[in-house]
Amino acid sequence: MEIFDVTIIGGGPAGLYSAFYSGLRNMKTKIIEVQPALGGKVNTYPEKVLWDVGGIPTIQAHQFVQNLINQANTFLPTICLNTKVEQIKKQDNMFVISTNTKEVHYSKTIIVAVGGGILNPIKFEIEGSEKYEMTNLQYTISGTLP
């Protein structure tokens, strides 16, 4: 049984920074993410330009996510993708985390950084349009700031 100092549920920006910060404190860290990739909602629109991240010049979302992942990996956290937490129990002095993959994880501390889930774009309400999604029809962010 491997016990982690901290397990972070959620691999979006808050979870990734939590992993980096935990690593700075020499904590054995694990990230559990339900999606197949790290980055959270920011992955929804990789071409979007981010203007509102403190201390960072304007940056495209995909590069911002890559920077977060690189930073989080500095201290080599264990990362579990495609894994949904289904139950958390307190047992003695640790948390027992059960997942949809039937794995059980053990941790002294848990950080819940799940956000609001992956965003879904507002889609066309045209009959049959769904058959063109991801081939000829793609949803993106548009617009600019002054």
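I began with the sheet and found an open one of four strands in the order 1-9-8-7, with mixed pairing; I take strands (E, at least two residues) and helices (H or I, at least four) as DSSP runs numbered from the N terminus, and I call two strands paired if DSSP finds at least two bridges between them. Strand 1 (3-4) and strand 7 (85-91) stand at the edges with a single partner strand each, so one side of each is left without a neighbour in the sheet.

Before going further I noted that this is a predicted model, in which local features need pLDDT of at least 70 and side-chain atom pairs count only at pLDDT 80 or more, while totals for chains, interfaces and linings use all residues. Residues are numbered from 1 along each chain as its sequence is written, and side-chain values use heavy atoms, with hydrogens and water left out.

Entry: I looked up the pairing of strand 7 with strand 8 (residues 94-99), which is antiparallel and runs over six bridges; within it, Gln87 has Ser98 in strand 8 as its bridge partner. The two strands form a hairpin with two residues between them, and Asp92 in the turn has a positive phi of about 55 degrees. Strand 8 also pairs in the antiparallel sense with strand 9 (residues 104-107), over four bridges, and here I noted that the bridge partner of Ile97 is His105 in strand 9. This second pair is again a hairpin, with four residues between the strands, and Lys102 in its turn has a positive phi of about 70 degrees.

**Entry: the chain as a whole.** I counted two helices and 10 strands in the protein, and along the sequence they follow the pattern β-β-α-β-β-β-α-β-β-β-β-β. Of the 146 residues, 33% count as buried, where buried means under 20% relative accessible area, exposed means over 50%, and partly exposed lies in between (1.4 Å probe, protein chains only).

**Entry: salt bridges.** How many salt bridges does a search of the whole structure find? The search gives two, with a salt bridge taken as a side-chain nitrogen of Lys or Arg within 4 Å of a carboxyl oxygen of Asp or Glu. In one of them the side chains of Glu2 and Lys28 meet at 2.9 Å, N to O, and this pair links distant parts of the chain, since Glu2 is in the segment before strand 1 and Lys28 is in the loop between helix 1 and strand 3 (29-32), 26 residues apart. Glu2 counts as partly exposed because its relative accessibility is 47%, and Lys28 is also partly exposed, with a relative accessible area of 36%. I then found that the side chains of Lys108 and Asp5 meet in a salt bridge at 3.3 Å, N to O; Lys108 lies in the loop between strand 9 and strand 10 (110-112) and Asp5 in the loop between strand 1 and strand 2 (6-9), 103 residues apart.

**Entry: charges over rings.** I returned to Lys28, whose charged end sits over the ring of Phe4, 5.0 Å from its centre; the criterion is that NZ of Lys or CZ of Arg is within 6 Å of the ring centre and within 35 degrees of the ring normal. The charged end of Lys90 likewise sits over the ring of Phe95, 4.5 Å from its centre.

**Entry: ring pairs.** Rings of Phe, Tyr and Trp (its six-membered ring) pair if their centres lie within 6.5 Å, and planes under 30 degrees apart count as stacked, over 60 as edge-to-face and the rest as tilted. By this rule I count three aromatic pairs. One of them is the tilted pair of Tyr17 and Tyr21, 6.4 Å centre to centre with 40 degrees between the planes. Both tyrosines lie in helix 1 (residues 13-24), four residues apart, about one turn of the helix. Phe20 and Phe75 form another tilted pair, at 5.8 Å centre to centre and 35 degrees between the planes; Phe20 is in helix 1, whereas Phe75 is in the loop between helix 2 (61-72) and strand 6 (78-80), 55 residues away. Phe20 counts as buried because its relative accessibility is 14%, while Phe75 is partly exposed at 37%. Ring pairs link Tyr17, Phe20, Tyr21 and Phe75 into a cluster.
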